Amino acid sequence: MKSIVTGGCGFIGSHLVNRLIDLGHEVIVLDRVQHYNPNPKATYYLCNLSEKYSKYIHLFESVNNVFHLASEVSIPYCVEKPNESMANNILSTMNVLECSRVHNVDKFVFSSTSAVYGNTMFNPNYETNTVQCLNTYSISKYSGEQLCKMYYELYGLKTVMFRYFNVFGEGQHKTGQYAPVMSIFKRQKDNKEPLTVVEPGYQTRDFVHVSDVVYANILASQRELENYGEVFNIGTGIGTEIQEVADTISDYQIKIPQRPGEVMHSTANIDKVKDTLGWKWSICVMDWIKKSFN
């Protein structure tokens, strides 16, 4: 099998590249940054996917699977630079979809986000919930979902879209909206600083381990589905209080004010992905914290 991973130098992308290599895939990584610890068995190309795709479309020849993870994921950056973030995320998705269509790629797996649900009153979140995008990041991801849906319905490209909840794990970056609480807390503990807990502390998040996210991507590439162009939640269905996370790591804490637009509770309903792909999560966030922070 031959696979392309866009954004393969990022947190989730790196784990996916390593797993695909373990499975015997020939892996091409497209990213605009260089990897600090590249997999020697993968081939890396520096490229900006929002530029003209004529520069890299040839790399899609004879590719079986495309995993599109590349995007601008920093919420503050997307708020500060809405034009740039929209252009980067939407144009890159459009270009990679078109390259995949032209070269008859079998499967296209798109990484989206639970941020599309916004400040919903419904919890847990079902894929059928009303979309409520609050910034250009979530808007660009939802637009990417719609492009994937269109490419299946119009061109027959088999697309699968995953809405990740709060992904955590080894090698996690210190960027993003909620998931980086793990790396922030770890840095603070290592530096003997107080953990900064956002008030009120009892807000909950659905933490899903990066290996389980990778497993979902692998399943999507392996299974033949009755329908494509659909979205699936990737979470655990369990809400974990931020205060519980902090208390497990350290008693040395301070409270900081709640952020504007903070979602109080966010969990995934995962019935659809379990029934359709046979996916299930395997790593409990609290167990991982107890092992990783001691």
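**Exercise 1. Work out whether Glu72 is buried or exposed, and what its side chain pairs with.**

Step 1: Glu72 has a relative accessible area of 13%, so it is buried (buried means under 20% relative accessible area, exposed over 50%, partly exposed in between, with a 1.4 Å probe and protein chains only). Before going on, note that this is a predicted model: local features need pLDDT of at least 70 and side-chain atom pairs count only at pLDDT 80 or more, while totals for chains, interfaces and linings use all residues. Residues are numbered from 1 along each chain as its sequence is written, and side-chain values use heavy atoms, with hydrogens and water left out.

Step 2: Look for the partner. Glu72 forms a salt bridge with Arg32, and the closest N and O atoms are 2.8 Å apart (a salt bridge is a side-chain nitrogen of Lys or Arg within 4 Å of a carboxyl oxygen of Asp or Glu).

Step 3: Arg32 sits in the loop between β2 (26-31) and β3, and Glu72 in the loop between β4 (65-68) and α2 (75-80), so the pair ties together parts that are 40 residues apart in sequence. (Helices, H or I with at least four residues, and strands, E with at least two, are DSSP runs numbered from the N terminus.)

Step 4: Check the other end. Arg32 is partly exposed, at 43% relative accessible area.

**Exercise 2. Find the salt bridge of Glu224 and the network it belongs to.**

Step 1: The side chain of Glu224 meets that of Lys158 in a salt bridge, 3.1 Å from N to O.

Step 2: Glu224 lies in the loop between α6 and β11 (230-234), and Lys158 in strand β6 (residues 158-164), so this pair links parts that are 66 residues apart in sequence.

Step 3: Glu224 is exposed at 53% relative accessible area, whereas Lys158, at 24%, counts as partly exposed.

Step 4: Follow the shared partners: salt bridges join Asp106, Lys107, Lys158 and Glu224 into one network.

**Exercise 3. Say how many residues of helix α6 are buried, and how the helix span compares with the expected one.**

Step 1: Helix α6 (residues 210-222) has 13 residues and reaches 19 Å from its first C-alpha to its last, close to the 18 Å expected at 1.5 Å a residue (the expected span is 1.5 Å times one less than the number of residues).

Step 2: Now the cover. α6 is mostly covered, with 10 of its 13 residues buried; they include Val210, Asp212, Val213, Leu219 and Ser221.

**Exercise 4. Give the strand order of the open three-stranded sheet and name its edge strands.**

Step 1: The order is β12-β9-β14, with mixed pairing (two strands pair if DSSP finds at least two bridges between them).

Step 2: β12 (240-241) and β14 (265-266) are the edge strands, as each pairs on one side only.

Step 3: β9 (residues 204-205) runs parallel to β14 in their pairing, which has two bridges. Arg205 has Ser266 in β14 as its bridge partner.
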